[in-house]
Amino acid sequence: MSKKFFYCATLSVLCLVIAVFVIVMHDRGKSVEHSGGMYKHDVVNAQSILNNDNSSEDNIIVLGVEPDECIHFYEDEDILISKHRRKLIKHMWESYQSGDSPLTIANTFAMVDFKTAKSFYHFATASAELLEYQVYLEKTYHGRELLRTIMDETTAISNGSLNFYNIESALESFWESEIPILKKDVKSYPYMLEYTISDIESYTGPFNWLTSQELSPLGYLIEDSLTFQRWDVANGIFNNFPELINSSNVFDSNIKELTLLSLGFSVTSKSKSSHAFIQLLGLITSGEPLVLELDDDTGASEVNSSLAALKRLDITFPVIDYREYDFPVSNDSFVFDNLLADEKSIKERCDDLHGWFESKDYNYLEIDADNNDLVVASILDSPELKYCEASQINAIVEGFKTDSIHVISKYRYALTKAKKLDDIPIHSIMGELETPASRTLVLLGLSTKLSGLSNIDDEDILNWIIQKGYKPDAEFMHFVITVMDDKSWISWAKELDWTQNAVKNAILSASQSGRINIYKYLTDNHQNQSWSEDEVDPLFFLIKNYQKYSYLMKDLEVSSVKLLKEVDLLGIPVRPHHKRALYQMQQLKPELYQRLITAYPRLTLTEVPEYFSVTCDQ
């Protein structure tokens with residue numbers, strides 16, 4: 001089963017508006033923290049952070065390493081890790097060829113490399129289940145293609161390369177040929193989910209494939225039902241196919257993990273009052289907890305975000321880190337090429353460097369105003385914290401999900417089948433949306449979807465929406481800058497009434513994302529914007545998100561370099577929050593920092609600032 005999640009699994013209004021706009025808002029909430037440095041981390045509670053007396057000794061001696069040295073070390077370490085992983089995969093394959101079961105192998109090497117051990121288990125299990133019915137697969141084109149893919153990946157894995165994605169892709173095509181209603185343009189209509197389940201239940205192929213964590217097509221339906229808050233449909237799937245959530249071992253957890261990701265994305269406070277949702281929680285949280293890797297890889301980041309979203313609603317989803325699990329046949333003595341003594345020393349110092357910055361990250365919701373710590377006092381008075389408090393990003397996202405999902409799902413079929421603009425039930429859609437934020441985001445999502453999936457001119461779409469009596473609210477236009485092209489965003493901006501607050505938020509968002517054309521439009525048409533010392537400003541966001549590369553696409557240009565030239569003309573003084581951003585760049589991205597201060601000497605740090613960063617995201 002492909003764990004592709006549902007960000008853009010279908011070309012739909014929901015995919016665009018929910019999966020793109022909400023995720024972008026979520027990411028934008030993180031903009032006041034680090035801008036994607038050499039490390040990833042969990043936010044530390046403010047009360048647990050070590051005292052910082054703001055002395056240069058605290059900032060420098062604690063680090064104890066040259067930043068350039070760390071960058072080169074981590075590049076070398078990535079190569080070494082890749083080499084280690086290939087060696088481990090070949091060793092696991094040899095064990096499999098010698099007769100060890102996938103479960104035994106995964107248990108044995110889970111503590112060496114959990115992610116690779118789990119991926120190997122999925123590959124070996126899926127391959128065995130499919131090859132058992134090779135004769136059945138050979139009957140159809142897509143079945144033969146699936147067999148060919150398995151053979152190709154088997155050759156690759158014997159050489160130390162493990163990538164389950166190709167099998168997932170071939171498997172999806174196979175299922176769409178076996179059960180046509182699963183095709184992307186049909187399977188996502190929520191009102192048809194019940195019929196889809198009926199079609200699946202009448203499937204005449206190998207039945208055990210339907211309940212396999214690796215092969216089952218039911219994961220696609222679970223994604224859709226949870227995305228559209230159809231808790232009843234999800235209950236029906238799990239009640240009819242209990243094997244999907246009652247796995248026999250910790251590696252057979254694809255469906256349960258997918259459920260966690262989906263719930264973290266779609267559940268709202270109102271969901272808790274639904275009897276069907278309460279039933280669903282009982283089903284999916286029973287039994288053994290999920291065993292996952294909860295540290296710094298991409299998948300873990302998604303899991304942690306979902307867990308945090310559920311925690312905010314006082315919902316507990318049982319998950320433990322693999323390091324806390326007692327694997328029955330564990331063997332962590334597999335020998336890799338060890339780091340040399342001097343390399344270990346560098347690694348320790350570089351980890352200390354990154355750990356020091358991690359310890360200075362504060363979640364704005366967790367700061368205790370009664371704490372007498374000097375750093376906390378500085379944060380309470382900082383522009384970064386004031387920005388987080390004013391943005392209300394999480395409240396808007398929560399309101400949008402609560403307000404919009406059922407509306408979009410209700411009219412999704414009509415939107416997809418519309419042949420012309422007047423076929424779109426825009427009055428019905430807008431009439432059911434309760435908040436200005438929801439109406440704005442849905443309108444812009446609808447506008448962008450129609451532009452991307454039809455031959456209708458963008459200007460005609462805009463004029464049609466306006467003629468129907470609807471416009472976005474300028475107060476929320478900054479949320480969509482990163483997902484609209486320059487031309488479309490500016491076309492809408494020209495039609496709106498702007499407040500100073502809306503203009504400033506849009507300028508900040510354009511600065512953060514390097515959108516030079518949008519920034520210039522805003523500053524040309526809304527001149528004389530000023531930025532006081534107790535508010536974040538375009539210069540701050542440019543430093544936090546500065547990139548040396550630019551790119552130009554049709555109707556879209558991103559360039560931190562060009563934008564900084566424009567922002568520098570504002571003459572914003574270098575203030576304490578700028579120095580904090582510069583210090584982070586100096587320590588974690590020294591080459592980029594050197595490039596920046598060569599072009600703009602006035603940004604050169606002459607002292608070590610009192611350092612902290614503030615995270616807006618919950």
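S266 has a relative accessibility of 1% and therefore counts as buried, a term that here means under 20% relative accessible area with a 1.4 Å probe and protein chains only. The model is predicted, so local features need pLDDT of at least 70 and side-chain atom pairs count only at pLDDT 80 or more, while totals for chains, interfaces and linings use all residues. Residues are numbered from 1 along each chain as its sequence is written, and side-chain values use heavy atoms, with hydrogens and water left out.

**Surroundings of S266**
- S266 belongs to helix α13, residues 254-266, where helices are DSSP runs of H or I with at least four residues, numbered from the N terminus.
- A polar atom of the S266 side chain lies 3.0 Å from the backbone oxygen of S262.
- Not counting residues up to four places away in sequence, S266 touches L226, T227, Q229, W231, K401 and I405, contact being heavy atoms within 4.5 Å.

**Disulfide**
- The structure holds one disulfide, defined as a pair of cysteine sulfur atoms within 2.5 Å, and it joins C388 and C616 with their sulfur atoms 2.0 Å apart.
- Because C388 lies in helix α18 (residues 383-391) and C616 in the segment after β6 (613-615), a strand being a DSSP run of E with at least two residues, the pair ties together parts that are 228 residues apart in sequence.
- The torsion about the S-S bond of C388 and C616 is about -85 degrees, so the disulfide is left-handed.
- Both C388 and C616 are buried.

Methods: Buried means under 20% relative accessible area, exposed over 50%, partly exposed in between (1.4 Å probe, protein chains only). A polar contact is a pair of N or O atoms within 3.5 Å; within protein, one must be able to donate a hydrogen and the other to accept it, and residues adjacent in sequence count only if both atoms are side-chain atoms.
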